[in-house]
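Please read them alongside the sequence and the coordinates.

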Amino acid sequence: MREEPTARIPIGIFGLLIGLIIYGALIARYIPEIIGDWPTLVQTVVYLILGVIWLLPLRRFLIWMETGKWSPPSPDE
């Protein structure tokens, strides 16, 4: 656990916000053109997957914000 405050957390939150805005804008701009003619149920599944997929790199990102390292700490630390 860190003893002193670091700039990683505010920078990380700002980076996450910017990344999500860019990701959302790209999805909103390009995906409707690709799947617009598909059945509604299939579109729903695609949007659900795209709505969850951004969570995949989040664990390592949060670890970096807290520890400064991209991998989880070993149990003996």
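1. The protein, which is a predicted model, has three helices and zero strands, and from the N terminus on its elements run α-α-α. Its radius of gyration is 17 Å, well over the 11 Å that the globule rule gives for 77 residues, so the protein is more spread out than a compact globule.

2. Among contacts between residues at least 6 apart in sequence, 46% join residues at least 24 apart.

3. How much of the protein is buried? Buried residues make up 14% of the 77 residues, and the accessible surface of the protein comes to about 6,300 Å², with 71% of that surface belonging to carbon and sulfur atoms.

4. Which residues make the nonpolar surface patch? The patch, of about 980 Å², is made by Phe14, Leu17, Ile18, Ile21, Ile22, Leu26, Tyr30, Ile34, Trp38 and Val42. Helix H1, which covers residues 8-35, contributes the largest share of this nonpolar patch, namely eight residues.

5. Is Ile34 buried or exposed? Its relative accessible area is 53%, and because the cut-off for exposed is over 50%, Ile34 counts as exposed.

6. Turning to the aromatic side chains, a search of the whole structure finds three aromatic pairs. One of them is formed by Phe61 and Trp70, whose rings lie 6.5 Å apart, centre to centre, with 40° between the planes, and this pair is described as tilted. Trp70 also pairs with Trp64: the centres of these two rings are 5.6 Å apart and their planes are at 10°, so the pair is stacked, given that planes under 30 degrees apart count as stacked.

7. Taken together, ring pairs link Phe61, Trp64 and Trp70 into a cluster. As for how these residues are covered, Phe61 is buried, with a relative accessible area of 18%, and Trp64 is buried, also with a value of 18%; both fall in that class because buried means under 20%. Trp70, in contrast, is partly exposed, with a relative accessible area of 47%.

Conventions
Residues are numbered from 1 along each chain as its sequence is written. This is a predicted model: local features need pLDDT of at least 70, side-chain atom pairs count only at pLDDT 80 or more; totals for chains, interfaces and linings use all residues. Side-chain values use heavy atoms; hydrogens and water are left out. Patches are made of residues with over 30% relative accessible area and no salt bridge: like charges are joined within 9 Å, nonpolar side chains (Val, Leu, Ile, Met, Phe, Trp, Tyr) within 5 Å. Accessible areas come from the Shrake-Rupley method with a 1.4 Å probe; for residues, only the protein chains shown count as cover. A salt bridge is a side-chain nitrogen of Lys or Arg within 4 Å of a carboxyl oxygen of Asp or Glu. Helices (H or I, at least four residues) and strands (E, at least two) are DSSP runs, numbered from the N terminus. Buried means under 20% relative accessible area, exposed over 50%, partly exposed in between (1.4 Å probe, protein chains only). Rings of Phe, Tyr and Trp (its six-membered ring) pair if their centres lie within 6.5 Å; planes under 30 degrees apart count as stacked, over 60 as edge-to-face and the rest as tilted. The radius of gyration is taken over C-alpha atoms; the globule rule is 2.2 Å times the number of residues to the power 0.38. Contact means heavy atoms within 4.5 Å.
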